[in-house]
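Work through these exercises with the structure open beside you. Try each task before you read its solution.

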Amino acid sequence: MSMKCEDIERFADAYVDGELDLERTLALESHVSACQACTARLDGMRAVRQALRTVPYFRAPETLAARVRTTVADVAAATPSRQPRSVRARHRSWQAWVLSAASLVAASLVLAVVLHERTVTADDATTEAVIEGHVRSLMAGHLMDVASTDRHTVKPWFAGRVDFSPTVVDLVSDGFPLVGGRLDYIDRHPAAALVYKRRDHVINVFVWPQAAGSPSHATRSDVRGYHVISWTRDGVAVWIVSDLALSELDDFGRKLDAAMHG
Amino acid sequence: MSAVSGETLLSHLDAAYNLARWLMGNPADAEDVVQDAYVRALAGADQFRGGDERAWLLSIVRNGCYSSHRRQSVRQAADFDETVHGEDTVRPSPEQLTITRDTSRRVRRAIERLTPDFQEVIVLREFEGLSYKKIAEVVAAPVGTVMSRLSRARAQLAAALAEEKG
């Protein structure tokens with residue numbers, strides 16, 4: 001696939017938003033790398049985006065939060081319990097067995113849903129923490145404690161700083177050079193942060209050992225212009241975050257996963 | 001079984017307020033719309049057919065804003081113009097959109113001047129980070145329409161910011 005300037009005009013927004021598929025992303029990038037006008041166009045769009053980030057977010061005032069909480073509580077109180085329990089003689093009939101079997105299934109479904117929701121909520125919190133870690137690393141100018149493109153330098157640096165040994169892989173041949181690592185804290189536990197780059201985009205990879213017994217998970221989210229992809233494998237949680245186009249971050253994720261566990 | 005809980009809806013309160021605050025243009029109307037949207041959402045919680053709770057809630061907030069506008073025929077531009085006059089003493093470098101203390105105020109004003117259909121896609125995309133698909137759900141328009149609105153909205157913002165630079 002090759003693109004002309006008109007195509008760039010059409011797809012630039014989707015590209016900047018990370019909504020363009022990989023094939024078009026590559027075609028767009030190959031055109032832009034050779035076209036000054038389109039480079040300027042993308043730079044202009046990024047500048048607008050940057051400017052938009054300076055606008056403060058309107059958080060709900062506490063008075064409103066209190067009002068809404070009251071509304072929610074009122075509705076919850078007004079809703080009658082859906083399954084009034086009364087013990088009747090006919091429950092002893094064979095129908096009762098069917099009913100209790102059915103309610104057992106229903107109960108386990110509810111439990112499954114509750115567990116699922118809990119996992120989602122925990123993942124949401126971690127997603128926020130990971131984005132915070134990413135933003136902090138960029139804003140505080142504290143991107144790296146150890147600056148090195150050599151994984152044999154980065155990996156030993158973590159020894160004695162975290163109580164696990166992160167797998168550090170080099171993806172320079174895939175276009176994602178390792179630039180360093182640092183110690184970070186996500187959700188109150190220490191994490192090894194590995195820093196990779198793609199052009200001028202920073203990718204933070206947070207790695208920590210998964211707590212015993214936690215379910216393995218995989219998430220993919222898009223929060224305030226940052227993309228976060230995570231998974232667990234072999235007891236290790238991996239969270240990657242960047243403002244890179246989602247298709248490219250996916251590509252990075254696949255290569256990282258393959259290299260770490262290959 | 002109702003598929004969405006009050007608890008879940010509460011967790012999206014900031015998103016609901018942020019959208020309403022932009023679309024209504026002032027805190028008092030935004031609060032009323034959000035409060036009303038929660039009453040509606042809770043009443044209709046049983047009708048929620050799965051999917052994204054946040055997008056669902058935001059679509060209710062958004063519709064509330066539009067009906068409120070229709071009811072009161074709230075003046076959009078008048079309020080904002082007052083803040084426009086007598087400022088603009090700072091002129092950032094023309095080569096680039098310099099990020100200054102002033103930028104935030106300028107951008108805010110530029111967003112406020114967009115028409116609501118452009119404003120909402122900018123807010124949902126840039127401040128809520130919603131995907132095109134979810135924005136389409138909220139504003140009840142096809143993804144292609146969302147894409148073109150976003151693109152035109154950004155072009156207008158860029159133009160407005162460039163103009164201010166002088």
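**Exercise 1. In which helix is Val61(B) found? Then describe its surroundings.**

This is a predicted model, in which local features need pLDDT of at least 70, side-chain atom pairs count only at pLDDT 80 or more, and totals for chains, interfaces and linings use all residues. Residues are numbered from 1 along each chain as its sequence is written, while chains are lettered from A and ligands numbered from 1 in the order in which they are written.

Step 1. Find the element. Val61(B) sits in helix 4 (residues 53-72) of chain B. Helices (H or I, at least four residues) and strands (E, at least two) are DSSP runs, numbered from the N terminus.

Step 2. Judge burial. A residue is buried if 20 or more other C-beta atoms lie within 10 Å of its own, exposed if 12 or fewer, and partly exposed in between; C-beta atoms are placed from the backbone. Val61(B) has 28 such atoms within 10 Å, so it is buried.

Step 3. List the contacts. Two residues are in contact if their C-beta atoms, placed from the backbone, lie within 7 Å. Leaving out residues up to four places away in sequence, Val61(B) touches Ala16(B), Leu19(B), Ala20(B), Val33(B), Val34(B) and Ala37(B).

Step 4. Check one distance. Leu23(B) is 38 residues from Val61(B) along the chain, and their C-alpha atoms are 9.7 Å apart.

**Exercise 2. Trace the sheet of chain A and the helices on it.**

Step 1. Count the elements. Chain A has seven helices and seven strands.

Step 2. Order the strands. They form an open sheet, 1-2-3-4-7-6-5, with antiparallel pairing. Two strands pair if DSSP finds at least two bridges between them.

Step 3. Find the edges. Strand 1 (146-147) and strand 5 (218-223) of chain A each have a single partner strand, so one side of each lacks a neighbour in the sheet.

Step 4. Look at one pair. Strand 3 (residues 189-198) and strand 4 (residues 201-209) of chain A are joined antiparallel by seven bridges. Here Ala192(A) faces Val207(A) in strand 4 of chain A.

Step 5. Helix 6 (residues 151-158) of chain A lies across strand 1, strand 2 (178-186) and strand 3 of chain A, at about 20 degrees to strand 2. Axes are lines fitted to C-alpha atoms, for helices over the stretch in contact, and angles run from 0 to 180 degrees between N-to-C directions.

**Exercise 3. How many residues of each chain meet at the contact between chains A and B?**

Step 1. Count both sides. 35 residues of chain B are in contact with 32 residues of chain A.

Step 2. Sort the chain B side. Its residues comprise 19 nonpolar, nine polar and seven charged. Ala, Val, Leu, Ile, Met, Phe, Trp, Tyr, Cys and Pro count as nonpolar, Asp, Glu, Lys and Arg as charged, and the others, Gly among them, as polar.

**Exercise 4. Where is Asp234(A) placed, and what marks its backbone?**

Step 1. Locate the residue. Asp234(A) lies in the loop between strand 6 and strand 7 of chain A.

Step 2. Read phi. Asp234(A) has a positive phi of about 50 degrees, yet is not a glycine. Most residues other than glycine have a negative phi.

Step 3. Judge exposure. With 10 other C-beta atoms within 10 Å, Asp234(A) is exposed.
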